[in-house]
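Please consult the sequence and the structure shown below while reading.

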Amino acid sequence: MSDYDDAKYECPCGYVYDPAEGDYERGVMPATAFGDLPADWVCPLCGSEKQYFERVD
């Protein structure tokens with residue numbers, strides 16, 4: 001069992017942020033929960049801000 005929130009979040013454009021993968025190109029290491037992303041992080045595909053993402057169950 002992980003000790004971090006491993007929930008995935010989906011952008012309206014279809015991009016899914018997976019904390020197990022992180023976002024290497026933007027300096028986000030694997031095992032970074034969505035809630036721990038930098039405040040200025042945006043969708044790598046369309047540029048949407050975090051507020052527009054929805055949790056994927």
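## Conventions

A residue is called buried under 20% relative accessible area, exposed over 50% and partly exposed in between, with a 1.4 Å probe and protein chains only. The model is predicted: local features need pLDDT of at least 70 and side-chain atom pairs count only at pLDDT 80 or more, whereas totals for chains, interfaces and linings use all residues. Residues are numbered from 1 along each chain as its sequence is written, and side-chain values use heavy atoms, with hydrogens and water left out.

## Overall dimensions

The radius of gyration of the protein chain is 10 Å, which agrees with the value near 10 Å for a compact globule of 57 residues. This radius is taken over C-alpha atoms, and the globule rule is 2.2 Å times the number of residues to the power 0.38. Along the principal axes, the C-alpha atoms fill a box of roughly 30 × 25 × 15 Å.

Of the 57 residues, 32% count as buried. Contacts are defined by heavy atoms within 4.5 Å. Among contacts between residues at least 6 apart in sequence, 39% join residues at least 24 apart.

## Strands and sheet

The protein chain has zero helices and three strands. These elements are DSSP runs numbered from the N terminus, helices being H or I with at least four residues and strands E with at least two. Two strands pair if DSSP finds at least two bridges between them.

The three strands form an open antiparallel sheet in the order β2-β1-β3. β2 and β3 stand at the edges with a single partner strand each, so one side of each has no neighbour in the sheet. Two bridges join β1 and β2 in the antiparallel sense; Tyr 9 has Tyr 17 in β2 as its bridge partner.

## Nonpolar core

A nonpolar core is a set of buried Ala, Val, Leu, Ile, Met, Phe, Trp, Tyr and Cys residues joined through side-chain atoms within 4.5 Å. The largest one has 11 residues, including Ala 7, Tyr 9, Tyr 17, Trp 41 and Cys 43. Not counting residues up to four places away in sequence, Ala 7 touches Tyr 17, Pro 19 and Arg 55.

## The annotated cysteines

An unreviewed UniProt entry places the feature "binding site" at Cys 11, Cys 13, Cys 43 and Cys 46. These positions span 36 residues in sequence, yet no two of their C-alpha atoms are more than 8.8 Å apart, so they gather at one spot. UniProt positions are given in the numbering used here, feature names are shortened, and annotations may be inferred rather than shown by experiment.

Cys 13 lies in the loop between β1 (8–10) and β2 (16–17) and is partly exposed, at 39% relative accessibility. Cys 43, in the loop between β2 and β3 (54–56), is buried at 3% relative accessibility. Leaving aside neighbours within four places in sequence, Cys 13 contacts Cys 43, Leu 45 and Cys 46, while Cys 43 contacts Cys 11, Cys 13, Tyr 15, Ser 48 and Phe 53.

Which cysteine sulfur is closest to that of Cys 13? It belongs to Cys 43, at 3.7 Å, too far for a bond. A disulfide requires two cysteine sulfur atoms within 2.5 Å, and a search of the whole structure finds zero disulfides.
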